[in-house]
Amino acid sequence: MKWARAAAIVFLLAVSAMCLLANVIAPASYAHQFRDDPNASPSRQHLLGTDDLGRDRFARLLYGTRVSLLLAPAAALLTSLLAAFIGGTAGFVGGWVERCVMAGTDLFLSLPWLFLLITVRALLPLNVSPMVSVLITFAMLGCLGWAGAARIICADARALAQSDFILRARASGSDGFRLLWRHLMPNLKPVLYAQFWISVPVFILTEANLGILGLGVAEPLPSWGSLLRELESFSTTSAQVWQLVPLILFIFVVSSFHLVLTKEELQV
């Protein structure tokens, strides 16, 4: 599995580098319309052809992948920080605080959070700018995805709170905040790291689901959700198989994230 994990890391780095250099690699902007070439087939000028509005598919794939690969980790970082604060504090303090926090976490987990995301996103104005829609979509993902990770971190924090080094730190006169910040949190890094890597592909998949429903990133800014939405017509896709390239890349990227985090999960 080492070679598979190494190949996944190289693949993700290569895709990330191409997306970061989209302004250089792409033949045109993601919103530029070649009005004389709508629905064009792949060519030297348009590697993946154009869509029905004449926009270059290769350019939109690069920019759409960049949106997901930059902001899904940002949402995962927000989720990990919320889970560390909520779960770590509850597990460290224990008692009624832990019971109340875990009861609230269980209630949060019982909610169909994908439908909650859809509801919140549907309440937003339809004329929001693409950049605002991107920030809102991934901010919602980050704020709503903490509960599962918080339960795991709480269990680890509870076990660490009774460990010998914490008891020695207490005996040395360390107060609660110092114990939590200087002694407990550094020892939660492995599980936090694993939860971060688990969250990234989850958020990529969730954004794709929202985009397919038309509630993700606003046009004309592309995302994987809007790119995959174009595959709804089977007759068109079967006649233009190059439209499957975003789906293939999407599968490889999500699978690569899972290969990268496998070793970290085993270590935790």
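Figure 1. Arg55 is buried, with a relative accessible area of 8%; buried means under 20% relative accessible area, exposed over 50% and partly exposed in between, with a 1.4 Å probe and protein chains only. Welcome to a predicted model, in which local features need pLDDT of at least 70 and side-chain atom pairs count only at pLDDT 80 or more, while totals for chains, interfaces and linings use all residues. Residues are numbered from 1 along each chain as its sequence is written, and side-chain values use heavy atoms, with hydrogens and water left out. Arg55 sits in the loop between α2 and α3 (57-93); helices are DSSP runs of H or I with at least four residues, strands are E runs of at least two, and both are numbered from the N terminus. Setting aside neighbours within four places in sequence, Arg55 has contacts (heavy atoms within 4.5 Å) with Tyr30, Ala31, His32, Gln33, Gly49, Thr50, Arg60, Glu219 and Pro220.

**Figure 2. Pro42, also in the loop between α2 and α3.** With a relative accessible area of 35%, Pro42 is partly exposed. Leaving aside neighbours within four places in sequence, look for its contacts with Leu47, Leu48, Gly49 and Trp242. Asp56 lies 14 residues from Pro42 along the chain, and their C-alpha atoms are separated by 9.7 Å.

**Figure 3. Ser223 in the loop between α10 (189-212) and α11 (224-229).** The relative accessible area of Ser223 is 0%, so this residue is buried. Not counting residues up to four places away in sequence, Ser223 touches Gly64, Glu207 and Val217.

**Figure 4. The nonpolar patch on the surface.** Met18, Leu20, Leu21, Val24, Ile25 and Leu70 make up this patch, and together they have about 550 Å² of accessible area. Patch residues have over 30% relative accessible area and no salt bridge, with nonpolar side chains (Val, Leu, Ile, Met, Phe, Trp, Tyr) joined within 5 Å and like charges within 9 Å; a salt bridge puts a side-chain nitrogen of Lys or Arg within 4 Å of a carboxyl oxygen of Asp or Glu. Areas come from the Shrake-Rupley method with a 1.4 Å probe, and for residues only the protein chains shown count as cover. At least two residues of the patch come from each of α1 and α2 (22-25). Leu21 belongs to the loop between α1 and α2 and is partly exposed at 46% relative accessible area.

**Figure 5. Aromatic rings.** The structure holds 7 aromatic pairs. In one of them, Phe11 and Phe252 have ring centres 6.1 Å apart and planes at 50°, so the pair is tilted. Phe11 lies in helix α1 (residues 2-20) and Phe252 in helix α13 (residues 245-267), so the pair ties together parts that are 241 residues apart in sequence. Rings of Phe, Tyr and Trp (its six-membered ring) pair if their centres lie within 6.5 Å; planes under 30 degrees apart count as stacked, over 60 as edge-to-face and the rest as tilted. Phe11 is partly exposed, at 27% relative accessibility. Tyr193, Phe196, Trp197 and Phe257 form one aromatic cluster.

**Figure 6. Helix α6 (residues 130-144).** At 1.5 Å a residue, its 15 residues should span 21 Å, which agrees with the 21 Å between its end C-alpha atoms; the expected span is 1.5 Å times one less than the number of residues. The buried residues of α6 are Ser133, Val134, Thr137, Phe138, Met140, Leu141, Gly142 and Leu144.
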